[in-house]
Each structure stands twice: as structure tokens, then as C-alpha cells.
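Reader: I would like to go through this model and ask what stands behind the words used for it. Please set each value against its rule.

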Amino acid sequence: MLQDILAGYHYAFQVDNFIVVVLGTLVGVALGSFPGLDCSIGAALFIPITYGMTPSQAILLLASLYSGAVYGGQIPAILFRVPGASEAVMTTLDGYPMTLKGKAGKALGTGLLSSLVGGLFGVAGLTLVAPLLANAALMFGPSEYFALGILGLTALASLGSRSPIKAILSGLFGLLFATVGLDPIVGLPRFVFGTTVLKGGITFIPAVIGLFAAAEVYNQISRGQAFSRIDNGAANKQNRIRITFPTLKELKPLKWSSLRSALLGLIVGILPGVGATTAAIIGYSQAVQFSKEPEKFGKGTIEGIIAPEIANNAAAGGAMVPLLSLGIPGSATTAIMLAAFLMHGLRPGPLLLVQQRPLAFTIFAGMALANVLFFFIGFLAIRFFIRLRQIPYPFIAVGILAFSAVGANAMGDISGMKMMFLFAILGFIMEKYNYAVAPMVLGLVLGPIIEASLRRALMIHEYDLFAVLTRPITAMLLILSIVVLMTPIYWALKKRKGSGLGEKTDSHL
Amino acid sequence: MSLKGDIVISGITFAVAGILFYVARTFPQLKFADRVGPAFWPKTILFTVIVLSGSLFLKNVIMGLRREKFGQEEVPVPEKEGAKRLIMAIVLSIIYGFSVTYGGFLLSIFLFQVLFLLILKVKRLLVLALFPLSLTVILYIIFIKVLYIPLPRGVGIFLTFSRLFY
């Protein structure tokens with residue numbers, strides 16, 4: 001294993017790979033530090049650029065972009081109380097009060113250091129856990145893969161929206177879109193309506209560019225934010241910031257809280273569908289719970305930045321575990337990465353860690369490298385990232401749409417661009433009516449895996465559905481899926497019942 | 001987000017899922033190779049969509065009737081300006097999608113950007129010329145010169161123009 005790790009670093013440090021990691025990290029931090037743009041949009045926009053790269057470079061670019069974006073989100077969260085990405089939402093609670101106290105440099109330094117620690121912990125966890133999980137997954141058959149796919153989809157659907165039914169519907173739309181084209185088992189056409197374009201199925205790349213990148217532009221326009229002026233006053237005041245790090249004396253009492261955040265972040269990241277935002281919330285909550293001075297939180301304490309930042313960066317590494325070891329993405333960004341793998345002729349999953357071991361360890365090393373790089377990039381170029389917020393949105397919007405239009409065309413098929421615009425309109429409508437887009441993307445990418453696995457499992461068990469569903473691991477995963485799916489519905493019903501009782505009590509009074 | 005819109009969306013989903021379920025019944029079968037056949041999975045998904053969208057539709061209709069009964073009105077969302085510009089943006093995107101085959105990538109993407117900036121209230125002539133031009137050059141270098149992507153060249157005079165560059 002040590003040899004694999006060293007080989008991974010050797011490949012990651014090769015000049016061309018290193019340049020790709022630097023580029024990915026820079027773009028990631030820039031995207032993260034710009035409110036409204038996040039790692040999913042960045043990954044969707046940058047997939048077409050990876051066409052000309054080797055598979056390892058393509059994945060390195062996207063993985064480093066992901067790491068950079070998770071860090072970058074904290075910059076506007078601390079300086080302007082606007083999280084650049086949802087992962088940084090908890091960082092605003094203590095980061096912004098520190099800025100108001102004139103300690104913006106220290107808040108940024110604390111966030112930067114915490115992101116580095118959390119990120120490296122996440123990569124270490126990924127390096128250790130992914131091969132172990134992959135070894136266990138080598139025993140999985142089609143029925144287990146079917147159940148794993150269902151678990152991935154239900155986990156994201158249950159957490160992806162305020163309305164669980166709409167989120168489930170969104171996941172089902174994705175599964176349905178995945179059935180367009182030739183059937184994966186017998187090769188007969190489905191939902192092609194006599195056209196040749198649909199025979200190849202819904203191409204994932206244009207769909208994902210439309211749903212994430214272009215749809216977001218339409219959303220901003222509909223809200224009128226695309227042409228409203230940005231208040232640069234606050235930004236201008238922050239231009240002279242110098243990053244300072246917390247002292248060892250300040251950090252020493254926080255060692256256990258930091259370790260708890262890192263562990264929780266890693267575990268939450270590994271769970272499909274949960275992601276870095278939830279990790280940040282859990283990290284912050286545990287820090288408040290175990291703190292001797294919980295009253296300090298929310299008023300500008302460095303512990304309030306350390307806990308969520310360590311947790312969300314550790315979760316970014318954790319989120320790569322199910323993708324690389326099982327081939328099941330647990331979030332929108334990792335679903336886009338799965339598409340990049342497939343586009344380059346690679347199939348993530350247990351066999352990747354057996355047959356393409358150098359590639360897997362190069363990705364681990366590249367992510368660690370990205371974490372170290374964003375530390376230096378953040379330290380040296382903070383003023384540049386603050387200034388990025390001053391770019392008027394119309395230019396960002398036009399840039400995104402132009403990139404999306406050309407990127408969707410990049411497979412050499414003009415229908416890709418038309419499909420991209422169709423999915424952009426669909427994504428806009430879905431967002432407007434509170435149907436989360438992420439479950440649909442996951443459904444689109446997991447659809448063929450789930451269907452083919454289920455039908456193969458049925459063939460193996462002579463079409464006895466009961467025998468398929470009651471295999472021990474399959475049954476366990478499916479029960480877990482039901483629990484995951486029902487939990488938010490249960491809580492929603494309980495909340496409604498509670499508020500109903502409240503109303504009754506009020507009216508009675 | 002309006003309740004009326006929610007009713008329309010869930011109603012459309014219900015109807016489309018119903019039609020697609022009917023279409024799925026007509027899929028060809030290869031019973032000797034696969035007993036469940038190509039229609040099994042789409043029909044399973046569509047059945048679930050029909051049940052969920054139907055229940056969502058009913059729930060929204062009941063909520064709407066209750067609001068009517070108790071005289072509650074939906075709060076209007078002040079986004080008229082946004083809606084007008086959004087329609088213009090979507091129409092422009094569709095026009096671009098269809099015209100790029102005839103006008104070629106270079107000219108179409110440049111014009112698309114100029115018009116999109118105008119929709120987003122950018123009025124300075126220099127900016128309107130320079131920003132789209134610079135971005136077009138960047139896209140040209142990345143996708144045509146570096147990645148060798150075969151982007152559309154257009155027809156007639158536009159084809160002649162495109163051939164000057166790629």
C-alpha cells in the first residue's frame with residue numbers, strides 16, 4: 001500500500017499532472033468564492049475541457065476543482081456573510097462577526113488552516129477506507145449493486161429538497177430519462193419516437209451542463225439579480241486584509257473538537273447523499289455541544305470557524321469513497337465525476353482499485369496536493385478572490401452560457417447543444433417549483449446501473465423477485481433505503497402535527 | 001412558487017407519465033432472451049411517477065380549494081421585470097440553438113453574447129463589442145485550436161467566413 005501511495009504522489013507531481021491540479025484548484029477556489037457558482041456548476045462546465053486530457057488528468061482536474069471550491073466558499077462567507085457555496089453556510093455564523101470586529105484576516109487564516117487540516121484528513125481517510133470498501137465490494141453481485149444504487153438515490157432524494165415527494169419525483173425523472181435509447185440488456189429501442197438522435201440515449205454531459213450551469217443563469221435572471229448592481233462598498237473595505245493564523249496556544253484546547261469534526265465530516269461524507277453541507281452543520285453543532293463556553297458561538301469565536309471548515313473539507317474526501325470504491329456517486333458533484341470517468345472509458349468501482357490502482361492512488365495524491373495548493377493560493381491571492389465578487393453578473397452569465405453552449409457541442413454532435421438548452425429550461429422550471437435538480441442528475445447517471453443490475457439479478461435468480469430482494473446485503477441496503485426515505489417524511493408529519501397542536505392551543509387560549 | 005403553478009406542473013407530470021406508460025406497453029419484447037423485457041423498468045418508474053404526481057396534484061387542489069373557502073390569497077411575487085427578461089433570454093437561447101448550424105459557431109456565439117448582454121441591460125457600446133469578442137477568441141482557442149472540436153461552420157457565405165479560421 002505504501003508503494004501505491006508513493007507511486008500516486010510520483011504521478012501527481014509529474015509536470016503536466018501538477019499543472020492540471022494547480023489549474024483545477026485555482027478555478028475551484030475562484031468558483032467557490034463567487035456566490036451563486038459552486039463546484040457542481042464548475043465541474044459541469046469543465047467536463048468538456050477534459051476531452052483533450054488523459055483520464056487521470058481529467059479526474060485530477062475535477063477532484064482538485066472540488067477541493068478548491070469547498071475551501072473557496074468560506075471567503076465570502078467570512079467577509080460578506082454570503083456563503084460562496086452551501087458548504088460554507090455555518091462558517092458565516094462566527095466568520096462574519098469576526099470580520100465586524102476587525103478580525104477578518106484572522107478569520108480567513110483560521111478557515112484556511114482548518115480547511116487544510118480537514119481536507120488532508122479527508123484524503124487520508126479516503127486512501128485508507130476506499131481500498132478496504134472496494135475489497136468488500138468485490139463480493140457484490142448484481143442484486144447488491146441494484147440495492148446500492150437505490151440507496152444512493154434515496155439518500156440524495158430524501159435530503160435534496162424541502163418537499164420529499166418532489167425530490168423523489170426528481171430522482172424518478174432522472175431514472176426515466178436514463179431509459180431513453182437502447183435497452184441495456186437486449187438492445188431494443190425505447191422512447192425514441194422514430195428519431196435517430198434519441199437512439200443513443202440522453203447524453204449525460206449536455207444534460208448536466210444544462211441542469212446545473214445554464215439553468216442557474218435563468219434562475220438569476222428570473223429573480224432580477226442578474227442586472228442588479230453589486231454593492232462593492234464592503235468588498236472595497238476588505239481589500240487590505242492580511243491573513244494571520246491562530247496561535248498554538250489558541251489551537252491547543254481545540255484539538256479534541258477538531259478531531260471530532262474531522263471524523264464526523266469523513267463519516268458523513270462517505271454516506272451517500274449526505275454531503276459536505278450536512279457535515280459542516282454537524283461539525284458546528286458538536287462543537288457547541290461539547291464546548292465549555294457555548295455562549296461564545298455566533299459572536300465571533302475561532303472554534304466556530306474551525307469546526308465546520310474541518311468537517312466540510314473532510315467530507316469532500318469522504319464523498320469520493322463511495323464513488324471510487326463502489327462506483328456509486330453520493331452527491332451531484334461526484335455524479336458529474338462519474339460521468340467524466342465513463343467519458344474517458346473508465347468504470348469506477350471495486351475493479352478500478354484492482355485494475356487501475358495507480359490511477360486511483362494518483363487521484364488520492366492529487367486531492368492531497370490540491371489541499372496544500374489552496375492553502376498557498378488562499379494565502380497569497382486572497383485579494384484577487386475578494387475582487388472576483390465585483391465582476392458584474394451579466395458578464396458571468398454570458399460567460400457561463402457561452403461556455404455551456406460550446407461545451408455541450410464538444411462531443412461533435414450539434415444535438416448536444418439543443419439538449420443542453422432543453423435541460424436548462426427544465427432545470428429552471430424544476431428549481432422554480434422546488435424540485436431539486438441533484439436527485440435527477442443522480443437518477444440519470446445511476447439509472448443504467450440500477451436497471452441492468454436488477455434485470456441481471458432477476459435472470460440469475462430465474463425471475464424470482466423475492467429471492468433477489470431477500471439476499472442478506474441486498475435486503476439490508478433496501479431496508480436502509482426505506483429508513484432514509486421515510487425519515488424526512490416522518491419528521492415533516494411530526495412537525496406538522498406539532499404545529500397543528502400549537503395552533504389549537506393558541507386558538508384555545 | 002405559486003400553488004396554481006404547482007397544480008399545473010403536477011397535472012402535466014401525471015398526464016405525461018400516463019401517456020408514456022401507454023407508450024411503454026408497446027415496446028417490442030424478446031421473451032426468449034429476457035422474460036421481464038425492456039418495458040419492465042420504465043413501467044415501474046412511470047407507475048411510481050403516476051402515483052406520486054397524482055397525490056401531489058390532489059393535495060395541491062385540496063389546498064387551493066381550502067384557500068378559496070377561507071378567502072386566503074396567494075402573495076404575488078414582484079418579479080415582472082425578471083420574467084420579461086427571462087422570456088427574452090430563453091427565446092434567444094432557442095434561436096441560437098437552431099441558427100448556429102446555418103450561421104456557424106464564430107459569428108453566432110458572438111452575436112448571442114452581444115444580444116444576451118443587451119437583455120441583461122448592458123448598454124456601453126465598447127463593452128458590448130469587446131467582451132463578446134474576447135470570449136469568442138478564448139472559446140475559439142480552447143475548443144477549436146487546442147481540443148480540435150468540430151464546431152459548426154454554417155452554410156453559404158457563413159461557411160466561407162468560418163473557413164478563414166477553422
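Author: What follows is a set of questions and answers on a predicted model.

Reader: Why is A:Ala365 called buried?

Author: A residue is buried if 20 or more other C-beta atoms lie within 10 Å of its own. A:Ala365 has 25 C-beta neighbours inside 10 Å, so A:Ala365 counts as buried. This residue is in helix α18 (residues 357-380) of chain A.

Reader: Which residues does A:Ala365 touch, not counting those up to four places away in sequence?

Author: A:Ala365 touches A:Gly8, A:Tyr9 and A:Ala12. The C-alpha atoms of A:Ala365 and A:Leu6 are separated by 8.7 Å, although the two are 359 residues apart along the chain.

Reader: What makes helix α3 of chain A mostly covered?

Author: Eight of the eight residues of α3(A), residues 39-46, are buried. Among them are A:Cys39, A:Ala43 and A:Phe46. The buried residues of α3(A) pack against several helices of chain A, including α2 (15-32), α4 (55-72) and α16 (332-343). A:Leu62 is in contact with A:Ala43 and A:Phe46, and also with A:Gly24, A:Met337 and A:Ala340, leaving aside neighbours within four places in sequence.

Reader: Which residues touch the most other members of the largest nonpolar core?

Author: They are A:Leu62, A:Val208, A:Ala214 and A:Val441, in a core of 202 residues. Chain B takes part too: the core draws at least three residues from each of domain 1 (3-69) and domain 2 (80-163) of chain B. The C-alpha centres of these two domains lie 38 Å apart.

Reader: How many residues of chain A and chain B are in contact, and what gives the most to the side of chain A?

Author: 48 residues of chain A are in contact with 55 residues of chain B. On the side of chain A that touches chain B, α20(A) gives the most, with nine residues. That side divides into 33 nonpolar, eight polar and seven charged residues.

Reader: How do you know that helix α4 of chain B has close to its expected length?

Author: The helix, residues 105-119, has 15 residues. The expected span is 1.5 Å times one less than the number of residues. This comes to 21 Å, and α4(B) reaches 21 Å from its first C-alpha to its last. The buried residues of α4(B) include B:Phe105, B:Ile109, B:Phe112 and B:Phe116.

Reader: What do the buried residues of α4(B) pack against?

Author: They pack against α20 of chain A together with α3 (80-103), α5 (125-146) and α6 (157-163) of chain B. After the helix comes B:Lys121, whose phi is positive, near 70°.

Terms used
Residues numbered from 1 in each chain as written. Chains lettered and ligands numbered in written order. Predicted model: local features only at pLDDT ≥ 70, side-chain atom pairs only at ≥ 80, totals over all residues. Buried ≥ 20, exposed ≤ 12 C-beta atoms within 10 Å, placed from the backbone. Helix = DSSP H or I, 4+ residues; strand = E, 2+ residues; numbered from the N terminus. Contact = placed C-beta atoms within 7 Å. Domains from an automatic or database assignment. Nonpolar A, V, L, I, M, F, W, Y, C, P; charged D, E, K, R; others polar. Core = buried A, V, L, I, M, F, W, Y, C linked by C-beta atoms within 7 Å.
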